[in-house]
Amino acid sequence: MAIDRPLQDLRVLDLADVKGELCGRLFSDFGADVVRVEPPEGAHSRRLPPFHENESLYYAFRNAGKRGAVLDLDAPDGRKKLAALLAGVDVLIESFSPGRLEEILDLDEVRRRHPRLVIVRISDFGQTGPYRDWVATDAVIEAMSGMQWKAGVPEKAPLLPPGALAYDIAGVVACFAALTALRQRETTGYGQVIDLSVLEAVAQTTDWSFSNASVTVAKGERPVEVRMGSGPVYSIYQCKGGYVRLVILSPRQWHAMWDWLGQPEAFADPFFESFIARLQNADVLNPLYTEHFASMTMEEVSAEAQRRGIVCTPVLRPEEVLANEHLVSRGTFRSMEVAPGVEAPVASGFFEIDGVRQGPRGRAPMLGEHDAELFGDAREDAPAPDAPRPAPSLPLRGLRVLDFGIGGVGVEASRLFGEYGAEVVKVESRTYPDFIRVILSTEMSPSFASSSRSKLSFGVNLKKPEGLALVKRLVEQSDVVIENSKSGAMEGMGLSYETIRSINPRCVMVSSQLLGSRGAWKDWIGYGPSTQPVGGLVHLWNYDDQDFPAGSGAIFPDHLAGRLVAINALAILAAREKTGTAAHGEVAQVEAVTGVLGDLLCKAGLEPGSVRPRGNHSDHGAPWGAYPCAGEQQWCVISIRDDAQWQRFVAAIGSPAWATDSALANVEGRFAARDTLDEHITAWTRERTKHEVAELLQRHAVPAGPMLTGADQIEDPHLQARGYTRWLDQQDAGRMCFEGPAFEADGMSDIELFQAPRLGEHTRQLGERLLGLSETEVEELIAVGVLEVAEV
């Protein structure tokens, strides 16, 4: 039986506003009945840009498919109605400032009356820690999470990303957290309270800068952490009428490029097979590439490069994203109502299950649209559990996951399963190793360790029939298979979903390909950052005074796509417990990009040409941007949303004459004076450290935060206090710091964290324990190259 809308039995009460609204949207996409509760004046997100004819597309995109209700939570009657609405609710989502929910509800009484309720609390910095009461914006979180410092060029300010990446990432991670709690509820009978920090959620999903910096810090040194645009790996090149991102890493890719260039004698030496050698000669090679591409459009360059096995993707503008032949062929967007009478192209959802898109089923609700049906709908809770509330435990204990992931997507999904209790077996071989494992020319790198901690390694050569047979026996005993190889790779190995289902009908499989497993470009190859150009992110993540894309060195969206894969697996597992059968889930990595840019792309569809790079300016307020502070390449983000915050800012900096100009008292005046304001604020911030600026402004409740690099995060007192910084001895890499959890939950024990395995480290153990092989049989299979073990 096909699985569609696997969460349709759930009801979610969604009080999240601005931050984390995507959490409820994802539940709705999977079929849950999500009720969006707003105050009488409407949610604040209804007043956030981008707008179309006074309708907020920010609100419309993140609340599509939900029902709507109005409650005045400042009034006793409104709080009473909220308490009544909790009957029969499975998940309550809120994003109030810490402590506010306790003013609205008696949480002890709520949990007594509704013991199965999962409460997800989303706040900028969490319910505890030194920054608990700091005020933030999406921009402040992006600065402090490590998302900003790698974007842009050293000669200009570091770039904030477009859209609301931080708050949308928080929504995705909150959905994962809620699903783990719901799975745990199936065992314990009890719900729990989850404390999710937006800062930690985004820090987890930026890239591996944190773990890589920690290895240098552990040696008593300071890593060099300065933005380099797209950097030497994911470089951008100009072509006829546009730009492409070209990635040449392996010798095979270089040989294909050299052949395409006409086999120039100057680069015939095998010396140039090395990436380092090519990097040292970039001043000659880069102009050569640009000259070669000059007569071709970006689509022509990309198509020919891909035909030759070279990683290359075109840098698309928003309107080009919407019209792109591949995305159109996939149905990445669909026309739907975003407001009464307004049709627009809307990203059709992050997930597929058995080929069926799991996306929004209708427009966002009008204010109070469903009051009558909701307040007249008497529901009851499921029976309370008989046993007392158990001690905290790991929610995914008892599951077994086979990890065929490479790079950053599949491995991050399975890492999450491992941290929360599942036994994760990384299936790998030296005949085709995970390239992140061997990127430093050894079998361990900090990046690999970060994403493959808390796993076991089973070394097996799948090209040998005996190896494939052994893996099929592992499938018989597993709950989830995760893979993100190129399209068709699993089928080529003899492990298609049809094969897996025939072996074990209860085994869930989730796949994640670069551009998806179907569509005009389904066979294109690349890495996570190769999706940024196709999804519109490279074009929009740029300064507003230049056309050449500034670029970012972050490997986004790899880690985010990994979390989407984990969510898809958990949703299918939830349905499996009811139906007894599993399904095949898919997440196209490019749709992680188009999904988090959904409101901007919708705006571009309604008003072509209206969505352009903004640099660090924003329609959310002014002043807004990154300001240089004392020291080399030290920056602080300041983002003022309204007139009250502006007045507090003026008081904080001592009310200088320029700031007390009455023309600046309203946001329209500040928008008109943006450049002048930036000059004045820069003069003030240059005299202070980034931490002094942030701390002073936070004392006046002004959103501000220091831009943190990977090394900065390791030393940050808030991340330390929250238990985010986790130091371990990692074999073959040395002392390093691992990223901790993004959330705490009172029903869950601490994450399971142990060092990443060597390749084949657990082959013997797993061969005997799971496959029933004798010691002699294992050694014989090792001797003939079927099984592989760690090299000592």
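Let me begin with a term: a residue is called buried when its relative accessible area is under 20%, exposed when it is over 50%, and partly exposed in between, with a 1.4 Å probe and protein chains only. The structure before you is a predicted model, in which local features need pLDDT of at least 70 and side-chain atom pairs count only at pLDDT 80 or more, while totals for chains, interfaces and linings use all residues. Residues are numbered from 1 along each chain as its sequence is written, and side-chain values use heavy atoms, with hydrogens and water left out.

I turn to the aromatic residues. Both Tyr237 and Tyr289 are buried. Rings of Phe, Tyr and Trp (its six-membered ring) pair if their centres lie within 6.5 Å; planes under 30 degrees apart are stacked, over 60 edge-to-face, and the rest tilted. Searching the whole structure in this way gives 20 aromatic pairs. In one of them, the ring centres of Tyr237 and Tyr289 are 5.3 Å apart and the planes stand at 90 degrees, so this pair is edge-to-face. Helices (H or I, at least four residues) and strands (E, at least two) are DSSP runs, numbered from the N terminus. Tyr237 lies in strand E9 (residues 235-239) and Tyr289 in helix H12 (residues 282-293), so that the pair links distant parts of the chain, 52 residues apart. Tyr237 and Tyr289 also belong to one aromatic cluster with Trp260 and Phe293.

Phe271 and Phe272 form another edge-to-face pair, at 5.2 Å centre to centre and 80 degrees between the planes. How do the two compare in accessibility, buried or partly exposed? Phe271 counts as partly exposed because its relative accessibility is 43%, whereas Phe272, at 8%, is buried.

Next, the nonpolar cores. Such a core is a set of buried Ala, Val, Leu, Ile, Met, Phe, Trp, Tyr and Cys residues joined through side-chain atoms within 4.5 Å. The largest has 220 residues, and those with the most contacts inside it include Tyr289, Phe293 and Met257. Helix H7 (residues 165-188) supplies the largest share of this core, 15 residues. Which residues does Tyr289 contact, leaving aside its neighbours within four places in sequence? With contact meaning heavy atoms within 4.5 Å, the partners of Tyr289 are Tyr237, Leu246, Ile248, Trp254, Met257 and Leu261. A second, separate core has 22 residues, among them Val35 and Leu107.

Let us move to the strands. Two strands pair if DSSP finds at least two bridges between them. Strand E2 (residues 33-38) has five of its six residues buried. Strand E1 (residues 11-14) runs parallel to E2, and four bridges join them; Asp14 has Arg36 in E2 as its bridge partner. On the other pairing, four bridges join E2 to strand E5 (residues 67-70), again in parallel, and Val37 stands opposite Ala69 in E5.

From E1 the chain passes through helix H1 (residues 21-29) to E2, a right-handed β-α-β crossover: with the strands pointing away from the viewer, the path from the first strand over the helix to the second runs clockwise. In H1, nine of its nine residues are buried, including Arg25 and Phe27. Just after H1, Gly31 takes a positive phi of about 105 degrees.

Finally, a charge over a ring (NZ of Lys or CZ of Arg within 6 Å of the ring centre and within 35 degrees of the ring normal). The charged end of Arg25 sits over the ring of Phe61, 5.0 Å from its centre.
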